[in-house]
Amino acid sequence: MNSNNPFDNFGIEHLSASSINTYIADPCMFIMRYLYKNKGIGNPAMWRGTVVDESIGEVLTNNIDEKTVIKSAIKRFDGLYSHYKKEHEIDFNKFSKERSLLESYLNTAIPYFKGMGIPSNYQKEIKLQLDEIPIPIIGYIDLQFDGVVRDIKTTGRMPTTIPDSVNRQLSIYATVEQSDAYADYILATPKKTEIKSMQVENIDEHMKVVKDASVTIMNLLSYSNDINQIAKLFYPNFDSWMWSKDDIEFGKTIWS
């Protein structure tokens, strides 16, 4: 395929905060995920975040009682492990640790978010069309209240400030909705639980990075219609925490 839109040549119909942040953090990971379409399976900590997010949504939007939601969350978490372990090597100790804390995360988070009332939207899809690129940026707002968008973040270590990657994600949402944006961090360890809500500041500055990175991605894809030629512009750091064993195995078929 040959197109004036370089994204078309690689079947990329939209960008997202995740794809943009992946490119900024590790171009080789971006190439593997979005050009070679090897999306990966995540890990127990990522599954925990997804399950907690979905469970909070069920409580707030469907008025399901907490005990039922927690029971369902543990079953869903176990199901992810059972599904992926069939073909992938999953660290059982990490799975067990996350599973043991899942109830603590939910017991901490559910009352906090219930205290905010019923959200106007849960997992609302947003689209941002920048002048600089031909495809939209798509995202999903965890929770939206009047004049505020919120993103649920589970963590094993409470950050002192919002990471730039999260600032970029929430700045996209805030720009589309013309609203304030907050990251709600939920911490659960065997010794303590905590929630910290932090407001995103300097949205325009973060949006400038989003735009610049999006243009850089477009320029990279304009270099060639051949994925292998683009891949050879970089070399991965397989020692990075971002690369799982499965990722490294696949990556070595590209960068051998």
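**View 1. Five strands form an open sheet with mixed pairing, in the order β1-β2-β3-β4-β5.** The model is predicted: local features require pLDDT of at least 70 and side-chain atom pairs pLDDT 80 or more, while totals for chains, interfaces and linings use all residues. Residues are numbered from 1 along each chain as its sequence is written, and side-chain values use heavy atoms, with hydrogens and water left out. Strands are DSSP runs of E with at least two residues, and helices are runs of H or I with at least four, both numbered from the N terminus. Two strands are taken to pair if DSSP finds at least two bridges between them. At the edges of the sheet lie β1 and β5 (193-199), each of which pairs on one side only. Neighbouring strands are turned against each other by 40 degrees on average, direction ignored.

**View 2. Strands β2 and β3 pair, and helix α5 packs on the sheet.** The pairing of β2 with β3 (residues 148-155) is antiparallel and runs over three bridges. Helix α5 touches β2, β3, β4 (180-188) and β5, and its direction makes about 145 degrees with that of β4. Contact here means heavy atoms within 4.5 Å. Axes are lines fitted to C-alpha atoms, for helices over the stretch in contact, and angles run from 0 to 180 degrees between N-to-C directions.

**View 3. A salt bridge joins E98 and R48.** The term denotes a side-chain nitrogen of Lys or Arg within 4 Å of a carboxyl oxygen of Asp or Glu. In this pair the N to O distance is 2.9 Å. E98 belongs to helix α5 (residues 92-114) and R48 to helix α3 (residues 44-62), so the pair links distant parts of the chain, 50 residues apart. E98 is buried, because its relative accessibility is 9%; R48 is likewise buried, at 6%. Buried means under 20% relative accessible area, exposed over 50%, and partly exposed in between (1.4 Å probe, protein chains only).

**View 4. Further salt bridges involve D78 with R99 and K192 with E194.** The closest N and O atoms of D78 and R99 are 2.6 Å apart. This pair connects helix α4 (residues 66-84), which holds D78, to helix α5, which holds R99, across 21 residues. D78 is partly exposed at 22% relative accessibility, and R99 is partly exposed at 34%. The side chains of K192 and E194 meet at 3.3 Å, N to O; K192 is partly exposed at 42%, and E194 is partly exposed at 27%. Elsewhere, E54, E58 and R76 are linked in a network of salt bridges. The whole structure contains twelve salt bridges.

**View 5. Helix α7 (residues 203-221) has buried residues along one face.** Its 19 residues reach 27 Å from the first C-alpha to the last, close to the 27 Å expected at 1.5 Å a residue; the expected span is 1.5 Å times one less than the number of residues. The buried residues are H206, M207, V210, A213, S214, I217, M218, L220 and L221. The arc is that of the directions from the helix axis to the C-beta atoms. They pack against α1 (17-25), α2 (27-35), β1 (121-128), β2 (137-145), α6 (164-177) and α8 (227-231). On the other side of α7, D204, E205 and K208 are exposed.
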